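Let us read this model feature by feature, taking the general idea before the particular case.

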Amino acid sequence: ISMPGMPDARFSQSVIYLCSHNEHGAMGLIVNQIMETVKFSDLLAAMCIEANHVEGGRRVHFGGPVETERGFLLHSADYDCDETMQIKGSVSLTATVDILRLVASGAGPKNSLLALGYAGWGPGQLDAEIQGNGWMFGTAETDILFGENNSDKWVLAASRAGIDVTVLSSEGGNA
């Protein structure tokens, strides 16, 4: 969860689901930023996938500034294939055309979020940003990950972590 005063505007008030974090770096998807100019149905049409069972309100998320032409489906673990990355508990990540076909047909996972691009950090970079008070950790809950109310996810995620972001200062100092 980005802290108030995040210096990188791309991550201002963002909630990122961290998919991987190890000695090689970190990768995650922003779960609360919508790509207003990209429609899910148009994306499927461009890939020649029929969208008979896709609800009109389904949105495409801005997953982050890295590889923005690449799509990722963050989803509940009720779907699995050889290319699926089991992340933790009930959350998985798949980046195949086949899963998009399943979602378009209405047979995909119960919960899912399509994101273009991802947030990536080199070795030690995210750790340094956390130590510099750029980020705080929260709990990955279904309504935060897959809920429709994206504008409230930042405040909701912080409050579930026990933080009221309205009382945090974006300025550091000494006591």
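**Nonpolar cores**

Q: Which residues touch the most other members in the largest nonpolar core?

A: In soluble globular proteins, nonpolar side chains tend to be buried together. The largest nonpolar core here has 25 residues, of which Phe11, Ile16, Phe40, Leu44, Leu100, Trp121 and Trp135 touch the most other members. Strand 2 (25-30), helix 1 (40-46), strand 4 (59-62), helix 2 (97-105) and strand 8 (112-121) each give two or more residues to this core. Apart from it lies another core of 24 residues, including Met27, Leu74, Ile144 and Leu145. A nonpolar core is a set of buried Ala, Val, Leu, Ile, Met, Phe, Trp, Tyr and Cys residues joined through side-chain atoms within 4.5 Å; buried means under 20% relative accessible area, exposed over 50%, partly exposed in between (1.4 Å probe, protein chains only). Helices (H or I, at least four residues) and strands (E, at least two) are DSSP runs, numbered from the N terminus.

This is a predicted model: local features need pLDDT of at least 70 and side-chain atom pairs pLDDT 80 or more, while totals for chains, interfaces and linings use all residues. Residues are numbered from 1 along each chain as its sequence is written, and side-chain values use heavy atoms, leaving out hydrogens and water.

Q: Is Ser92 buried or exposed?

A: Ser92, in strand 7 (residues 91-94), counts as buried because its relative accessibility is 0%. Its side chain makes a polar contact (N or O atoms within 3.5 Å, one able to donate a hydrogen and the other to accept it; residues adjacent in sequence count only if both atoms are side-chain atoms) with the side chain of Gln86, at 2.9 Å.
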